[in-house]
Amino acid sequence: MPRASSRLLGLVTCCFALLADAVVWDILRTTYGPSMTGVYFQSQPRTRSDALDQGWTKLSGCEQGSKWRGERYIRNDDHTIVLIYDVSGNIAGIQTGFETNDPRGLNVTAMAKYTQEDGGYTYVTTYFADPKQLCDASRNACSEVENIYFQRGSCDNLMTISTDLSAVSSWTLGKCFPKMGVHYAYGYTTTSSCDDLFPLFLLYDQGVMKGIGFALIANFTSPHYEHPTLDNLKWMLYEAPQCVSTRVVSSIHIFLSQSLLETTCKTSG
Ligand SMILES: *[C@@H]1O[C@H](CO)[C@@H](O)[C@H](O)[C@H]1NC(C)=O
Ligand SMILES: *[C@@H]1O[C@H](CO)[C@@H](O)[C@H](O)[C@H]1NC(C)=O
């Protein structure tokens, strides 16, 4: 990959000069919506110190036996968005979680291969950096992000996904939608079962990953979730699973690059 399409996450200021022409993961915003207010496109803290300032509280850390790597934080006791920081306090991952005994239509049994349970909640996890390094204080958070890591169940079962276009060869090309970019889903077809749809999707713009998203077949009520109908999904996917016609989707688009918000989808890519 050419240098120009490399990505960078973490404390942008510390390495901005080094990679002046790089595509930068310079934001962390969640939930698509009709405006830029409230929970729509809400900016989330990219450092632990900002999180603490904004009232986030620690859910787990680097202690022995933790089911994840890094430090996990939530706000207002809402597990819909869990932010993961490395031990130095740089953003390093994101989860969505829900109460295991209130799955709101989600097939928890079929989804167990993609989720991890802890303390009455079930979580879907994606890291922005190699989780093996997140509890290591000497980790260089300024290094380029080359992969994201999806945790399939336990924390040693990772699906590594390159942030360049090589990742998407095994994913299903979806459609471009303004402010979202080009969607890629994993294994979705029109006849997919709604029991165990892969809960992570990818967002690309100009051939570069600039966002990700979570999608669960469930009727969760947190305002952080979007609820696209089958007709809405047809604007994002060529092969929207038909099973969605009788189910509710709870999804979260996660925006990692300011340039993604400027995508109009008028140019290809
Ligand atoms: C959950 O998924 C499994 C596997 O597809 C299926 O056999 C089962 O009937 C589903 N349960 C519910 C309640 O839909
Ligand atoms: C989803 O949940 C909301 C709020 O609890 C409820 O009003 C709605 O009827 C539910 N939709 C379905 C299809 O179950």
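**Ligand site and overall make-up**

Ligand 1 is surrounded by Asn 107, Thr 109, Ala 110, Ser 193 and Asp 195. The shell around ligand 1 comprises 3 polar residues, 1 nonpolar residue and 1 charged residue. The model described here is predicted.

*Overall make-up*

- The protein contains 17 strands and 5 helices.
- Of its 269 residues, 42% count as buried.
- Among contacts with a separation of 6 or more in the protein, 56% are between residues 24 or more positions apart.

*The largest nonpolar core*

- The largest nonpolar core holds 66 residues, and Val 82, Leu 83, Ile 84, Ala 92 and Leu 203 have the most contacts inside it.
- Two or more residues of this core come from each of β6, β7 (91-99), β9 (121-127), β11 (147-151), β14 (181-185), β15 (200-205), β16 (208-217) and β17 (249-255).
- The element that gives the most to this core is β16, with 7 residues.
- In soluble globular proteins, nonpolar side chains tend to be buried together.

*Val 82 in strand β6*

- Val 82 lies in strand β6, which spans residues 78-85.
- Why does Val 82 count as buried? The cut-off for a buried residue is 20 or more other C-beta atoms within 10 Å, and Val 82 counts as buried because it has 23 C-beta neighbours inside 10 Å.
- Leaving aside residues up to four places away in sequence, Val 82 touches Leu 59, Arg 72, Tyr 73, Ile 74, Ile 94, Gln 95, Gly 97 and Tyr 123.
- From C-alpha to C-alpha, Val 82 and Glu 71 are 9.8 Å apart in space, and they are 11 residues apart in sequence.

- Strand β15 is largely enclosed by the rest of the structure, because 6 of its 6 residues are buried.
- Both faces of β15 are covered, with Leu 200, Leu 202 and Tyr 204 buried on one side and Phe 201, Leu 203 and Asp 205 buried on the other.
- Leu 203 touches Met 180, Gly 181, Val 182, His 183, Met 209, Lys 210, Gly 211, Ile 212, Gly 213, His 253 and Leu 260, not counting residues up to four places away in sequence.
- Strands β14 and β15 run antiparallel and are joined by 3 bridges; Tyr 184 stands opposite Leu 202 in β15.
- Strands β15 and β16 also run antiparallel, joined by 6 bridges, and Phe 201 stands opposite Gly 213 in β16.
- The hairpin of β15 and β16 has 2 residues between the strands, and Gln 206 takes a positive phi near 50° in this hairpin.

*Residues with positive phi*

- Most residues other than glycine have a negative phi.
- Phe 41, a residue other than glycine, has a positive phi near 55°. Phe 41 is found in the loop between β2 (29-30) and β3 (42-43).
- Phe 41 counts as partly exposed because it has 18 C-beta neighbours inside 10 Å.
- Cys 265, also a residue other than glycine, has a positive phi near 70°. Cys 265 is found in the segment after α5 (258-261).
- Cys 265 counts as partly exposed because it has 15 C-beta neighbours inside 10 Å.

Methods:
Residues numbered from 1 in each chain as written. Chains lettered and ligands numbered in written order. Predicted model: local features only at pLDDT ≥ 70, side-chain atom pairs only at ≥ 80, totals over all residues. Helix = DSSP H or I, 4+ residues; strand = E, 2+ residues; numbered from the N terminus. Buried ≥ 20, exposed ≤ 12 C-beta atoms within 10 Å, placed from the backbone. Contact = placed C-beta atoms within 7 Å. Near = placed C-beta within 6 Å. Nonpolar A, V, L, I, M, F, W, Y, C, P; charged D, E, K, R; others polar. Core = buried A, V, L, I, M, F, W, Y, C linked by C-beta atoms within 7 Å. Pairing = 2+ DSSP bridges.
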